[in-house]
Amino acid sequence: MPSEPPAIGAAAARVHATLDGVFATVERVRDASARCLAGARATGREPVAGDLAALRPLLSAHLGALVSGTGFIAAPGMLADAAWYLEWWQTGPSGDPARFLPDLDPENSALYDYTGWEWFTGPAGGAERTVCGPYVDYFCSDGYVLTLSAPVRVGGVFAGVAAADVYARTFENAIVPALREIPAPAFVVNAPGRVMASNTASWTPGAAYRGGRGFETRPCGDLPLSVVTAGQSASARPRAKATSRSCWE
């Protein structure tokens, strides 16, 4: 069996390193959120929404070139004064941090029910690291994003989710240079098989990959993402021209 080109391992490592840096932010938000909630209980009362205002300097400080939004999303009923609640900050149109304020009134038909999103159900179901997307975030950023999330637990009980958003175009621009070093058509897919970044016009971002003869898959460490490369039997597909424009724009 021919040996794997080093560029494939390097591309998988680039994917892992890029998202591992985002998970480092998620884990800081997770730990700080847990401290806020546990601190309230240590005073003999249930936590309230105002306790989470202490997160704001941390959230604003982690917005930047890679992370476009981050925050804590409470499990419904977790807070004494709010049935639903997010402490979420994102980069606003002016470039400054801006708070996301959806309708969280459970009596309102426009309630932003976040409990059905994969970035919430994954951590609620016990997953320590969830990568959701790319998907169109109509409610928050109004663009294609990845959401990385982790569970927040207090006293061993699920209390909500810490999460961070990365624009899909930002992820693609970070990964494509490494894919272009691979001497064959290659692309990155998420767990459902959706293409996230690619060096070939045959597999553009957003396409669905369902496996097939002539393709090899290499996991990106412990993340639910893989680098897929086409072997000789599948390599007759045309290569994409180099472009600086993201397919997610």
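Buried means under 20% relative accessible area, exposed over 50%, and partly exposed in between (1.4 Å probe, protein chains only). This is a predicted model, where local features need pLDDT of at least 70, side-chain atom pairs count only at pLDDT 80 or more, and totals for chains, interfaces and linings use all residues. Residues are numbered from 1 along each chain as its sequence is written, and side-chain values use heavy atoms, with hydrogens and water left out.

**Exercise 1. Classify Pro47 as buried or exposed, then list what Pro47 touches.**

Step 1. Take the relative accessible area of Pro47: 0%. The cut-off for buried is under 20%. Pro47 is therefore buried.

Step 2. Pro47 lies in the loop between α1 and α2. Helices (H or I, at least four residues) and strands (E, at least two) are DSSP runs, numbered from the N terminus.

Step 3. List the contacts (heavy atoms within 4.5 Å). Leaving out residues up to four places away in sequence, Pro47 touches Leu37, Ala40, Arg41, Met78, Leu79 and Ala80.

Step 4. Pro47 and Cys36 are 11 residues apart in sequence, and their C-alpha atoms are 8.0 Å apart.

**Exercise 2. Describe Glu46 and Val48 in the loop between α1 and α2.**

Step 1. Glu46 lies between α1 (6-42) and α2 (56-61). Val48 is in the loop between α1 and α2 too.

Step 2. Glu46 has a relative accessible area of 42%, so Glu46 is partly exposed. Val48 has 24%, so Val48 is partly exposed as well.

Step 3. Find the contacts beyond four places in sequence. Glu46 touches Ala40, Arg41 and Ala80. Val48 touches Leu79, Ala80 and Asp81.

Step 4. Check the distances to Met78. For Val48 and Met78, 30 residues apart in sequence, the C-alpha distance is 8.5 Å.

**Exercise 3. Find where Ala127 sits and which residues Ala127 touches.**

Step 1. Ala127 is in the loop between α3 (118-124) and β4 (130-136).

Step 2. The relative accessible area of Ala127 is 28%, so Ala127 is partly exposed.

Step 3. Beyond four places in sequence, Ala127 touches Gly122 and Pro151.

Step 4. Ala150 is 23 residues from Ala127 along the chain, and their C-alpha atoms are separated by 7.2 Å.

**Exercise 4. Work through two strand residues, Pro134 and Thr229.**

Step 1. Pro134 is found in strand β4. The peptide bond from Gly133 to Pro134 is cis, with omega near 10°.

Step 2. Thr229 is found in strand β10 (residues 225-230). Its relative accessible area is 8%, so Thr229 is buried.

Step 3. Beyond four places in sequence, Thr229 is in contact with Ile8, Ile182, Pro185, Ala186, Gly214, Phe215 and Glu216.

**Exercise 5. Summarise the whole protein: its elements, its dimensions and its surface.**

Step 1. Count the elements. The protein has four helices and 10 strands. Along the sequence the pattern is α-α-β-β-β-α-β-β-β-α-β-β-β-β.

Step 2. For 249 residues, a compact globule would have a radius near 18 Å; the protein has 20 Å, which agrees. The C-alpha atoms fill a box of roughly 65 × 35 × 30 Å along the principal axes.

Step 3. Look at burial and contacts. Of the 249 residues, 49% count as buried. Among contacts between residues at least 6 apart in sequence, 55% join residues at least 24 apart.

Step 4. Read the surface, with areas from the Shrake-Rupley method with a 1.4 Å probe; for residues, only the protein chains shown count as cover. The protein exposes about 11,500 Å², and carbon and sulfur atoms supply 52% of it.

**Exercise 6. Decide where the model calls for caution.**

Step 1. The protein averages a pLDDT of 90, and 91% of the residues score at least 70.

Step 2. Over residues 235-242 the pLDDT is below 50. This stretch has 18 contacts in the model beyond near neighbours in sequence.

Step 3. Apply the rule. Where pLDDT is low, the predicted coordinates should not be read in detail.

Definitions and conventions
pLDDT = per-residue confidence, 0-100. Rg over C-alpha atoms; globule rule 2.2 N^0.38 Å.
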